[in-house]
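I opened this notebook to record what I looked up in the structure, entry by entry. The entries follow the order in which I consulted the model.

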Amino acid sequence: MLYRLRHDFHLSIITLLGACAMFGVTPFAVFRFYSGNIPAGVVDLVIMFSICSVVGYAWRTGDNRRSGFLLAVLACTGAVVVGTMQGDVGIFWLYPAMVTSFFLTSARVAVVVNCLALLVLVIHDVAFDSREQMMSFVTTSVVVSCCAYIFGRRNEHQRERLERLATHDPLTGAKNRRAMEEDMQAAVANHERTGAPYTLIIFDLDHFKRINDLYGHAVGDEVLTECAGLIGRYTRKTDTLYRFGGEEFVLLMPGVRAEGVQAVAENLRHKLANELGYPVGSITASFGVAPLHETDDADRWMARADDALYEAKATGRNRVVIRQAPVAARESGTGESPASAPLI
Ligand SMILES: Nc1nc2c(ncn2[C@@H]2O[C@H](COP(=O)(O)OP(=O)(O)OP(=O)(O)O)[C@@H](O)[C@H]2O)c(=O)[nH]1
């Protein structure tokens with residue numbers, strides 16, 4: 001639970017704001033029942049129950065986008081209902097509701113949700129004592145929303161930038177090793193839960209040092225960038241490329257079954273050998289491939305792909321070696337195919 005809170009920014013915001021709303025609304029619900037204002041107390045209870053349900057939904061499904069949107073709608077609707085029922089005692093709830101919208105959903109969606117809430121209050125026109133009060137409330141709400149919008153957009157922008165810096169390799173644009181480790185853990189967990197197939201391909205450009213030595217580091221950099229672009233063009237949107245280090249890349253491919261990995265890896269090897277190289281002639285790569293096995297954890301899975309790559313290098317380069325199942329699984333007969341299968 002703590003791991004998810006620490007690593008999932010949106011979920012932590014949804015949980016925090018949900019908890020704040022609960023702490024904020026609970027005393028009012030108690031007070032309203034205590035003072036005999038049953039309808040307002042019931043509204044507070046409904047708001048609290050709905051907030052708990054949405055936070056629970058976010059934790060269960062991991063669908064932060066929908067949960068954040070629902071929570072923003074709920075907060076603004078609750079504020080409008082309380083404002084309508086309580087008049088000027090209640091309408092002030094719209095201020096925190098409007099601000100939290102910008103934390104829960106995208107800035108543009110928050111603007112729409114806030115405008116609708118304000119519009120309903122104005123059209124309904126029972127929450128205000130006078131026109132002047134209505135105008136003041138609308139103006140201050142718009143000012144609050146504008147400030148929150150600017151803050152929200154800046155926040156979104158900076159978070160995206162930081163996330164990109166933390167998860168991507170600046171030279172090639174591929175994801176970095178840290179992101180790879182997280183995605184592999186997620187893939188293993190998903191495989192355990194649903195049995196969905198995944199394949200890991202680790203490939204390393206052959207004799208890359210020569211390119212640097214002969215043509216310079218800048219050309220070497222160009223080749224690495226071109227390689228990442230090429231792989232991006234010949235793989236699916238659901239496949240993810242990571243730069244493992246130096247001239248070594250990893251591809252995480254969901255939906256690729258053990259039977260299909262040979263064709264996929266061979267195709268990529270051909271594409272690289274035939275299309276990568278400008279301005280220095282043909283460049284090849286060696287491939288180690290490991291379909292995810294039920295007995296794998298992320299480390300074992302990577303070690304198997306790495307072993308296969310090592311073998312591909314040792315047995316002549318520009319080739320694909322596939323390790324279908326871990327040694328223990330092969331020996332006990334639960335593996336899908338014999339040991340390694342060097343393919344050229
Ligand atoms: N241009 C450039 N070169 C890099 C970068 N990162 C690592 N390298 C170089 O990649 C080369 C890797 O050399 P080796 O590990 O000997 O591998 P290799 O020459 O490809 O040989 P094999 O892998 O055995 O085929 C080294 O010369 C590194 O300096 C980078 O970001 N840009």
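**Entry 1: the strands**

I began with Gly245 and found that its bridge partner in S3 is Glu248. The model I am reading is a predicted one. Gly245 belongs to strand S2, residues 240-245, and S2 is joined to S3 by five bridges, the two strands running antiparallel. I then looked at the turn of this hairpin, where two residues lie between the strands and Gly246 takes a positive phi near 50°.

Next I asked which strand is joined to S3 by seven bridges. I found that it is S1, and that S1 and S3 also run antiparallel. One of the pairs that I looked up is Tyr198 with Pro254 in S3.

I also checked how far S3, residues 248-254, is covered. Five of its seven residues are buried, and I noted the strand as mostly covered.

**Entry 2: the shell around the ligand**

I asked how many residues surround the ligand. The number is 16, and the closest are Asp206, Phe208, Lys209, Gly220 and Gly246.

I then traced where the shell comes from. Strand S1 (198-205), helix H9 (208-215) and helix H10 (217-233) each supply at least two residues. The largest share, four residues, comes from H10. Sorting the shell by class, I recorded seven charged, five polar and four nonpolar residues.

**Entry 3: the annotated spans**

I consulted UniProt, where an unreviewed entry places the feature "transmembrane region" at residues 12-34, 40-59, 71-95, 101-122 and 134-152. I compared two of these spans with the model. Residues 40-59 are 100% helix and 0% strand, with end C-alpha atoms 29 Å apart. Residues 134-152 are likewise 100% helix and 0% strand, and their end C-alpha atoms lie 26 Å apart.

I checked the length of helix H7, residues 131-167. Its 37 residues should span 54 Å at 1.5 Å a residue, and the end C-alpha atoms are 52 Å apart, so the two values agree. In H7 I found Phe137, Ser141, Ser145, Ala148 and Gly152 buried. I asked what covers the buried residues of H7; the cover includes helix H5 (94-104) and helix H6 (107-124). On the spacing of such positions I noted that an α-helix has 3.6 residues a turn, so residues three or four places apart point the same way.

I repeated the length check on helix H4, residues 64-86. From first C-alpha to last, its 23 residues reach 32 Å, close to the 33 Å expected at 1.5 Å a residue. After H4 comes Gly87, with a positive phi near 70°.

I then turned to Leu45, which is found in helix H3, residues 38-61. Is Leu45 buried or partly exposed? I recorded Leu45 as partly exposed, because it has 15 C-beta neighbours inside 10 Å, whereas a buried residue needs 20 or more. The C-alpha atom of Leu45 is separated by 9.8 Å from that of Phe28, which is 17 residues away along the chain.

**Entry 4: the whole chain**

Last, I took totals. The chain has 13 helices and six strands. Of its 344 residues, 35% count as buried. Among contacts with a separation of 6 or more, 64% are between residues 24 or more positions apart.

Technical notes. Residues numbered from 1 in each chain as written. Predicted model: local features only at pLDDT ≥ 70, side-chain atom pairs only at ≥ 80, totals over all residues. Near = placed C-beta within 6 Å. Nonpolar A, V, L, I, M, F, W, Y, C, P; charged D, E, K, R; others polar. UniProt positions renumbered as here; feature names shortened; annotations may be inferred. Buried ≥ 20, exposed ≤ 12 C-beta atoms within 10 Å, placed from the backbone. Contact = placed C-beta atoms within 7 Å. Pairing = 2+ DSSP bridges. Expected span 1.5 Å × (residues − 1).
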